[in-house]
Amino acid sequence: MTEQLLEIDRVSKRYGRVLAVDDVSFEVRSGEVFGFVGPNGAGKTTTMRVVLGVLAADAGEVRWAGSPITFDTRRRIGYMPEERGLYPTMGVAEQLVYLARLHGMTGVAARRSARDWLERFGLADRGAEKLQKLSMGNQQRVQLAAALVFEPEALILDEPFSGLDPVAVDLMTAVLRERAEAGVSVVFSSHQLELVERLSDRVGIVRAGHMVASGTVDELRATAARRVWVDAPLAGTDWASELTGVKPVRAEGTRMLLELGEGADDQAVLAAALRTGPVHEFRPDRPSLAELFRHVVTEEVAE
Amino acid sequence: MNGFPERRRVDSGVLSTILLVAGREFTTRVRNRIYVISTILIIAVIGGFALLQVNVFSKINTTPTYQVGFTPQTAALAGPLRSSTSGVDVHVTRVSSLASGDSQVRSGSLDALVAGTPASPRIVVASGVNGTFQSALLSLVQDNELTAELRASGLDPSKLYARIDRIRVPVQRLKPSHSSGYQQPFIGIVMAIALYIFLGVYGQVIGQGVVAEKSSRVVEILLSTVRSGQLLVGKVAGISAVGLLQVAVIAAAAIVFIVPNHIFSLPGSAVGTIIGGVLWFVLGLLLYAQMIAAMASLVSRSEDVTNATLPVMLVLVIGYLLALGVAVPEATASVSGGELSALAGPTTILSMVPFFAPILMPIRIAASAVPAWQIAVAAVLLVACIVGVALTAARIYSNSVLHFGARVNLLEALRGS
């Protein structure tokens with residue numbers, strides 16, 4: 001069986017004079033969670049809409065299992081748009097069944113699946129009610145159920161965590177991990193970078209329509225400049241400035257963060273620190289996704 | 001997979017997707033309380049009208065009763081007169097004498113008194129006499145005289161009367177004409193007005209339905225699995241079916257109430273006209289409903305729907321005005337004067353223009369014999385136009401339905417973003 005690889009290959013989309021998405025490429029394997037981050041207006045939503053066929057790309061191609069995505073293969077993708085929307089005056093279970101059938105499920109399977117997901121989300125007894133009668137939190141749960149009800153092979157979720165209470169965030173996280181373990185390819189966007197770091201197998205950072213970095217968080221760290229924390233209390237402030245290729249970034253108390261440039265030797269730095277007196281701490285800096293994101297985005301702006 | 005059902009997928013084709021969309025529109029709307037109540041109310045109004053017609057108006061309009069007294073000498077005329085008089089409801093009473101009859105006529109308890117002898121009766125009235133009654137009595141006396149004379153000459157009067165009744169004068173028409181006369185262009189006009197009213201009501205429902213999906217943003221999820229054209233066609237079909245069901249239920253109720261009570265009768269030849277009219281109605285509905293849906297997709301708020309669909313309704317109004325101003329006068333002229341050449345005027349051409357054909361053609365067909373080629377041209381043009389409009393509408397719809405907020409420019413929607 002061909003692996004269910006979702007490939008976004010050099011996709012571009014232009015709105016009038018604005019190039020919303022410019023040559024964006026990434027791929028999501030079966031069972032993988034791909035976190036899609038970037039400032040507002042970077043092109044995340046547009047990219048997702050192109051994948052779903054809601055928008056047509058000006059250039060590039062989306063492939064599923066090796067062949068260009070078609071209308072029929074798109075129907076196997078669950079979608080949660082950034083702008084949430086279901087029928088407010090339609091019954092909860094009824095509209096889940098309707099959406100499942102639109103995605104090609106038989107009536108019987110659709111009804112069973114709708115019931116199962118409502119039960120899973122603790123809404124088993126609310127199925128007959130109109131959606132607008134439910135609280136916002138419960139409406140969000142129904143929205144997620146709408147993306148999951150037809151057993152999709154891939155999930156594209158635009159800001160699935162926005163507006164969720166902490167309980168719902170935990171539920172959403174658990175469901176996404178579980179779906180990924182069942183072999184579903186998951187793409188989601190979010191501004192909550194700690195969440196993205198925790199949940200994602202791989203991350204893509206977009207800025208102004210460009211994919212500026214992508215890979216596992218560790219891979220992103222590897223591409224970032226090497227930095228070390230040094231705690232040498234007797235060293236003073238400018239002991240490191242004589243070292244070649246070493247640039248002090250900032251100081252926190254007696255600790256200093258040093259950036260090691262091309263060809264700089266961390267062992268030489270440690271030796272220099274030891275010459276000033278005792279060294280209480282010497283460790284490589286592991287930036288969080290939030291720091292990497294800030295770094296990547298501001299660096300690009302500075303160019 | 002965590003106890004969830006295994007994937008059960010059927011490859012739903014275009015038609016089943018459209019049917020799913022239409023089915024949702026249909027089931028959610030048919031259960032709507034306002035829809036059910038308004039249908040029941042309209043039926044109640046028709047039923048009330050029928051009851052009123054039977055119990056009140058019919059009393060006002062029925063043939064008046066005429067109280068007629070007969071003296072003992074003329075009593076033999078009473079029975080035959082009652083059975084032979086039509087147009088006036090004669091109530092027969094016997095009076096004991098001429099004098100008591102006179103006084104009853106004077107007091108008004110009798111309308112007329114028949115005195116004299118059966119062979120030469122005399123009518124006694126206060127002042128005026130009912131002409132129908134008078135001529136009925138006259139012909140009764142003449143018939144009696146004639147029958148007696150025939151018998152005296154040895155002839156059988158019943159055979160003679162039967163032979164006379166069989167005599168017919170046939171009519172030979174040199175030009176074709178509708179025999180049923182004025183009622184048929186009336187049917188065509190009613191169908192045209194019905195289309196206009198239907199689109200006025202259900203066109204707005206379609207427009208509101210399009211905008212509701214837009215404003216609730218559910219359309220984005222739908223478009224990730226349904227092609228915009230299928231969504232549009234399904235929506236229009238579903239809502240139209242809801243409307244047609246309402247019309248059918250009301251029409252059926254009207255027939256149930258009206259026909260047994262003889263309030264209104266249709267000549268048998270009108271049935272064909274009505275069936276043809278329904279076909280034009282459905283084609284017109286398809287044409288205009290798609291345009292309305294496309295125009296409504298340009299806006300995002302329900303209060304803007306009326307404005308957005310106004311241009312479409314204006315085209316419909318023009319068709320309607322053409323019907324009243326041009327087609328109806330020509331049609332009625334052709335019926336009353338039997339002058340078919342009158343329809344060779346502007347109506348002939350206008351009735352083949354797709355946007356007006358659904359309104360003008362039923363009127364023409366009901367009024368006169370329309371050449372088959374003209375009906376064919378109108379139908380082919382109309383169907384072609386429906387296909388073109390459907391494609392254009394799908395394009396406008398898919399280009400504008402995801403633009404939330406400000407109204408989308410029609411030309412931009414046509415060109416695509």
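Trainee: How many helices and strands are there in chain B?
Mentor: Chain B has 16 helices and 4 strands. Helices (H or I, at least four residues) and strands (E, at least two) are DSSP runs, numbered from the N terminus. Keep in mind that this is a predicted model: local features need pLDDT of at least 70, side-chain atom pairs count only at pLDDT 80 or more, and totals for chains, interfaces and linings use all residues. Residues are numbered from 1 along each chain as its sequence is written, while chains are lettered from A and ligands numbered from 1 in the order in which they are written.

Trainee: What share of chain B is buried?
Mentor: Of its 417 residues, 34% are buried. Buried means 20 or more other C-beta atoms within 10 Å of the residue's own; exposed means 12 or fewer, partly exposed is in between, and C-beta atoms are placed from the backbone.

Trainee: And the contacts in chain B, what percentage join residues at least 24 apart?
Mentor: 75%, among contacts between residues at least 6 apart in sequence. Two residues are in contact if their C-beta atoms, placed from the backbone, lie within 7 Å.

Trainee: Which helix of chain B is mostly covered?
Mentor: Take α14, residues 357–367: 11 of its 11 residues are buried. They include B:Leu360, B:Arg364 and B:Ala367.

Trainee: Switching to the interface. How many residues does each chain give to the contact?
Mentor: Chain A gives 32 residues and chain B gives 26. On the chain A side, the elements with two or more residues there are α2 (71–74), α3 (92–102) and α4 (107–120).

Trainee: How does the chain A side divide into nonpolar, polar and charged?
Mentor: 17 nonpolar, 6 polar and 9 charged. Here Ala, Val, Leu, Ile, Met, Phe, Trp, Tyr, Cys and Pro count as nonpolar, Asp, Glu, Lys and Arg as charged, and the others, Gly among them, as polar.

Trainee: Now the core. Which residues touch the most other members?
Mentor: In the largest nonpolar core, of 152 residues, they are A:Leu96, A:Val149, A:Ile156, B:Ala293 and B:Leu360. Helix α10 (residues 270–296) of chain B gives the most to this core, with 14 residues. A nonpolar core is a set of buried Ala, Val, Leu, Ile, Met, Phe, Trp, Tyr and Cys residues joined through C-beta atoms within 7 Å. Another core lies apart from it, with 14 residues, among them B:Leu81 and B:Val95.

Trainee: What is A:Ile156 in contact with?
Mentor: Leaving aside neighbours within four places in sequence, A:Ile156 contacts A:Met48, A:Val51, A:Leu52, A:Ile77, A:Tyr79 and A:Val187. A:Met48, A:Val51 and A:Leu52 are among the buried residues of α1(A). A:Gly53 follows, with a positive phi near 80°.

Trainee: On to sheets. What is the strand order in the mixed one?
Mentor: β6-β7-β8-β3-β9-β10 of chain A, six strands in an open sheet. Two strands pair if DSSP finds at least two bridges between them. β6 (77–80) and β10 (210–215) are at the edges with a single partner strand each, so one side of each has no neighbour in the sheet. Strands β7 (154–157) and β8 (185–189) of chain A pair in the parallel sense over 4 bridges. A:Ala154 has A:Ser185 as its bridge partner in β8(A).

Trainee: Which strands does α5 of chain A lie across?
Mentor: β6 and β7; α5 (residues 136–148) runs at about 160° to β6(A). Axes are lines fitted to C-alpha atoms, for helices over the stretch in contact, and angles run from 0 to 180 degrees between N-to-C directions.

Trainee: What about the antiparallel sheet, what order there?
Mentor: β12-β13-β11-β14 in chain A, again open. The twist averages 20° from one strand to the next. β11(A) is joined to β13(A) by 6 bridges, and to β14(A) by 4 bridges.

Trainee: Last one: A:Leu234. Why does it count as exposed?
Mentor: Because A:Leu234 has 11 C-beta neighbours inside 10 Å. A:Leu234 lies in the loop between β11 and β12 of chain A. Beyond four places in sequence, A:Leu234 touches A:Thr276, A:Gly277 and A:Pro278. The C-alpha atoms of A:Leu234 and A:Pro278 are separated by 7.3 Å.
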